[in-house]
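Hi,

Here is the structure for your set. My notes follow below it.

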Amino acid sequence: MDYKALDSITVVDIEALGIGSEVAEKLHGRLGEIIRSYGNDTPQTWHHISKHLLSPDLPFSFHQMMYYGCYRNFGPDPPAWIPEPENAVFTNVGKLLERRGKKFLGSSYRDPLSSFSSFQEFSVSSPEVYWSTVLDEMKITFSKPHNCILQRQFSSPGGQWLPGAVFNPAKDCLSLNENRSLDDVAIIWRDEGCDDLPLKRLTLGELRAEVWLVAHALNSMGFEKGTAIAIDMPMNVNAVVIYLAIVLAGLVVVSIADSFAAREISTRLDISKAKAIFTQDLIIRGDKSIPLYSRVVDAQSPLAIVIPTNSTGFSMKLRDGDISWHAFLDRVKDLKGVEFAAVEQSAESFTNILFSSGTTGEPKAIPWTLVTPLKAAADAWCHMDIHKGDVVAWPTNLGWMMGPWLVYASLLNRASMALYNGSPLSSGFAKFVQDAKTTMLGVIPSIVRSWKSTNCTSGYDWSSIRCFASTGEASSVDEYLWLMGRACYKPVIEYCGGTEIGGAFVTGSLLQAQALAAFSTPAMGCSLFILGDEDSPIPQNMPGIGELALGPYMFGASSSLLNADHYDIYFKGMPRWNGMVLRRHGDLFEHSPRGYYRAHGRADDTMNLGGIKVSSVEIERICNIVNTSILETAAIGVPPQGGGPERLVIAVVFRNPDESKPDLDKLKQSFNSALQKNLNPLFRVHRVVPYPSLPRTASNKVMRRILRQQLTLEHKTKL
């Protein structure tokens, strides 16, 4: 749509959007005042429009008229949010730079806004100083201090972080200090269907007692240090307590998403060699009761500790050997309130096993060391400015990295975690965000898309939000303009990383202008390289597009895999730069002329569906056996026109192309049913496309990239 320049907009234009004449007159008058003060098309013009003219109750079409009218001739990456110097100095990083900026950067230091990019470069070039400073700012404690921050001469190309250090991150999640008391609120939550009832709160003192009791119970079971214990349940208070207790006891959490089918649960239990699993009987969503314990039983799990969903008891008889949650805690009822002595271990010890899909069909088992939680919390401290007094909400699950991330990002920074036990797509969740006075709301684009289409946030006050954060999939400019408008134009910090990194490698900052659906900076401590011709990195200050590679030295990043060769996956065949072998990532990235980064999807055969990375091979394995007429399939993630998450398209080759083919709509339904039953209930096939044959390389590998290009072009042509 071609929007008018701001000074060409009339009262009639505003009324045409459904705004009453009296309000339209006032809006037009205030718009004229802003134009006279700041111009017709400058970032400052938009800044004042977003702060002083727009409000959530005005039609979104008016927001679009203002944004696109202001920036109609601006070019790419117009800033949707601009930091204000008077606020920047009160952020975590702003306060640090005001105190020590000149010591870090010397005479080049000017102020937090002007010098942030230099500080990010300093975090890469001087990891000893940067990470020592941030760990001290977050009050991380060590029973035995580290010999150094980074030992570069190590068996892994990524070096060894915090060698010699002995500590326990769960202990610091629960610790007291001069700025933290037992009465501080650690978790705020509400159950779906109780939206008009008061919020529930768990203080730090209460959280400590509950975690200690579970840790004592685990200890009574005789598990040895380092034993893998799985969690497969929704992200609720019990799940957080169990997670922290496992870590506190020196055991290793195995993260399993509560949406997985029995086969996927079994795979993860087998790879991790888990000795027990925590789960709950049912998952309640509205009027639906979704079985969970029965899936764990079908997965032939080891010992299960089962939490009842209903006060009346379990929906099915427990297996022989499995125990109820209450019986588990009764083992140590005499230790209630007794502090559990944290099991502190070396920095390279495992604390969590998570899973990320590779291209082989089997999920990669990625161990988080004790350093990884500190990376998650440090990202939140620096990039989202999380600190005491904040309320952090992010609909997620412990089966995905953002679940553990949320635990550490909140509690290690002395903030409160906000959990809603229900669907985040409902008006109940929108009300929870309001009532909890959420200050940082994390999202994935598909959730935002649903909010926008259903308008379920209407009428709720989100003005307490200081910033949003977004991860998981590609975002859309219009949808995130709408999202910012719900909270009076607070910034969206895009956050892109991976399970194997424990956080982000590229993101945003409250000390930089933020453009929609774009990243403004490499994450602290991270360096990015876009590979050009012959896989050589293009100069870092030049625009370009290509496969993304990462500097090898990233605090908290993985250095091993349980079921694959880490070096082969991330480093083998990668170019060297300044004597370092670069780390493979696999996404196509663009560095724009204005310095922003944009993601352009996977460069390999892994796709991203609704925030879940999945390999083509996993999907094809299921689709190939849906119908006997199918010879082979290729699963392709196709980006929609205008941006947003990839859509799943299945290319199908039939055994006998001359014979009558199955109805494609019915075949699509069959694919959906099979994928949702055997892989993930959130996956949806967008389209089925028949092919006479699949394009292949000389070594007979399917060239999915060619199919992706063809289908993307075909989609654009049809529009």
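**Sheet and helix packing**

Ile188 has Ala418 in S18 as its bridge partner. Strand S5 (residues 185-191) and strand S18 (residues 416-421) run parallel, joined by five bridges. Strands pair if DSSP finds at least two bridges between them. Helices (H or I, at least four residues) and strands (E, at least two) are DSSP runs, numbered from the N terminus.

This is a predicted model: local features need pLDDT of at least 70, side-chain atom pairs count only at pLDDT 80 or more, and totals for chains, interfaces and linings use all residues. Residues are numbered from 1 along each chain as its sequence is written, and side-chain values use heavy atoms, with hydrogens and water left out.

The open sheet has seven strands, ordered S6-S5-S18-S17-S19-S20-S21, with mixed pairing. Strand S6 (200-203) and strand S21 (492-494) are at the edges with a single partner strand each, so one side of each lacks a neighbour in the sheet. Twist averages 20° from one strand to the next.

Helix H16 (residues 402-411) lies across S5, strand S17 (391-393) and S18, at about 145° to S18. Angles run from 0 to 180 degrees between N-to-C directions; axes are lines fitted to C-alpha atoms, for helices over the stretch in contact. Contact means heavy atoms within 4.5 Å.

Now the helix pair. The axes of H21 (residues 616-623) and H22 (residues 664-678) come within 9 Å and cross at roughly 120°. Ile619, Ile622 and Cys623 of H21 meet Phe671, Ala674, Leu675 and Asn678 of H22.

Best wishes
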